Amino acid sequence: MGMFWIGLLVTCLVPITIAFWLIGLHFYLRVKYLHFLLRVFQEKPLFIVPKGEPSPDAEDVRFPTTDGLTLAGCYFKTDQPRKGVILFGLEFGSNRWSCAKYCEPLLNAGYDIFSFECRNQGDSESEEGYHPLQWVTDREVADTQAALEYLKNRPDVDSNGVGLFGISKGAGAGLEVAATDDFIRCCVTDGVFATYTTLVPYMRHWFRIYNNQYSIQGLLPSWYYGQVGLVGLRRIEKENNYRFSHLDRIIKQISPRPLLMIHGERDNYI
């Protein structure tokens, strides 16, 4: 009987001990390494960003956001019988005219193309105090929704809705809008990424740089890194007064609409 109670005690104590160890390690990592995460997460990588030149064939437009800014866009009309309208989401640091390089085959195939620049980008107005990064925030999502509202209210609106073609950051903002607005009828993305599922692999990489305790690194599961990362994201959000997009939580809402996701092997970031 004595051995039974000893076994039961050990069975109960081991999970409790592990739980306290994980909790203690969580706070240790926050104190020791969180400042590295905050710094690295807010650095801007060196991107090779394509930019286009203004085209006389496009309609240069301006449209408002719900919080009073004016964004710049360009609308290309196909010279073929129109099959539909494409909303093009730009990658970080690009300009609205770069859509021509990506969308010329679509234009020739009978699709109108609308591209726009989010706030603090290109010729669009800037929000004071907002410093956009490569990560999607609620600002880019709001600007993409404003672009969609502009298309809904054009005199030549396509009542069937529009298609989304997005690159990297613009793809992420577009998918977030598509998840809640079915006026976007189909989506194609190139190099799209979600904040959390990109953060966790990078955290493993960052942790290896700043800590050489490889046995600890191997023991920690991905969700554990994620919990520490989320603490960092919430701190950045509070300091900068914006909210990061969490595409992985809502992307299933796009179904049953078609979604094609492309990832190029030359992408050196994702």
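Trainee: Where does P256 have its place?
Mentor: This is a predicted model: local features need pLDDT of at least 70, side-chain atom pairs count only at pLDDT 80 or more, and totals for chains, interfaces and linings use all residues. Residues are numbered from 1 along each chain as its sequence is written, and side-chain values use heavy atoms, with hydrogens and water left out. Helices (H or I, at least four residues) and strands (E, at least two) are DSSP runs numbered from the N terminus. P256 sits in the loop between α8 (247-250) and β7 (259-262).

Trainee: Is the peptide bond that joins S255 and P256 cis or trans?
Mentor: Most peptide bonds are trans. Here omega is about 10°, and the bond between S255 and P256 is cis.

Trainee: What is the strand order of the open sheet?
Mentor: Two strands pair if DSSP finds at least two bridges between them. Seven strands form the sheet, and the pairing is mixed. The order is β1-β2-β4-β3-β5-β6-β7.

Trainee: Which strands stand at the edges?
Mentor: Look for a strand with a single partner, so that one side is left without a neighbour in the sheet. The edge strands are β1 (58-64) and β7.

Trainee: What does the twist average from one strand to the next?
Mentor: Axes are lines fitted to C-alpha atoms (for helices over the stretch in contact), and angles run from 0 to 180 degrees between N-to-C directions. From each strand to the next, the average twist is 20°.

Trainee: How many of the residues of β5 are buried?
Mentor: Buried means under 20% relative accessible area, exposed over 50%, and partly exposed in between (1.4 Å probe, protein chains only). Strand β5 spans residues 162-167. V162, L164 and G166 point one way, while G163, F165 and I167 point the other way.

Trainee: Which residue stands opposite L164 in β6?
Mentor: Strand β6 covers residues 184-190 and runs parallel to β5, with six bridges joining them. Opposite L164 stands C187.

Trainee: Which residue in β5 does I86 stand opposite?
Mentor: Strand β3 (residues 84-89) also runs parallel to β5, and four bridges join them. The residue opposite I86 is G163.

Trainee: What is the handedness of the unit that β5, α4 and β6 make?
Mentor: Point the strands away from the viewer: a crossover is right-handed if the path from the first strand over the helix to the second runs clockwise. Helix α4 holds residues 169-178. This β-α-β unit is right-handed.

Trainee: Which residue is the bridge partner of T189 in β7?
Mentor: β6 and β7 pair in the parallel sense over four bridges. The partner of T189 is M261.

Trainee: Why is the pair of F88 and F165 edge-to-face?
Mentor: Rings of Phe, Tyr and Trp (its six-membered ring) pair if their centres lie within 6.5 Å; planes under 30 degrees apart count as stacked, over 60 as edge-to-face and the rest as tilted. The whole structure has 13 aromatic pairs. F88 and F165 have ring centres 5.4 Å apart, and the pair is edge-to-face because the planes are at 80°.

Trainee: How far apart in sequence are the parts that F88 and F165 tie together?
Mentor: Both residues are buried. F88 lies in strand β3 and F165 in strand β5, so the parts are apart in sequence by 77 residues.

Trainee: Which ring does the charged end of R154 sit over?
Mentor: A charge sits over a ring if NZ of Lys or CZ of Arg is within 6 Å of the ring centre and within 35 degrees of the ring normal. R154 has its charged end 3.7 Å from the ring centre of Y75. Ring pairs also link F63, F114, F116 and Y150 into a cluster with Y75. The ring under R154 is that of Y75.

Trainee: How many disulfides does the count come to?
Mentor: A disulfide is a pair of cysteine sulfur atoms within 2.5 Å. The sulfur of C74 is 4.2 Å from its closest cysteine sulfur, in C99, and is therefore too far for a bond. For C187, the nearest cysteine sulfur is that of C186, 6.6 Å away. The count is zero.

Trainee: Is S168 buried or partly exposed?
Mentor: S168 is found in the loop between β5 and α4. Its phi is near 50°, a positive value in a residue other than glycine. At a relative accessible area of 22%, S168 is partly exposed.
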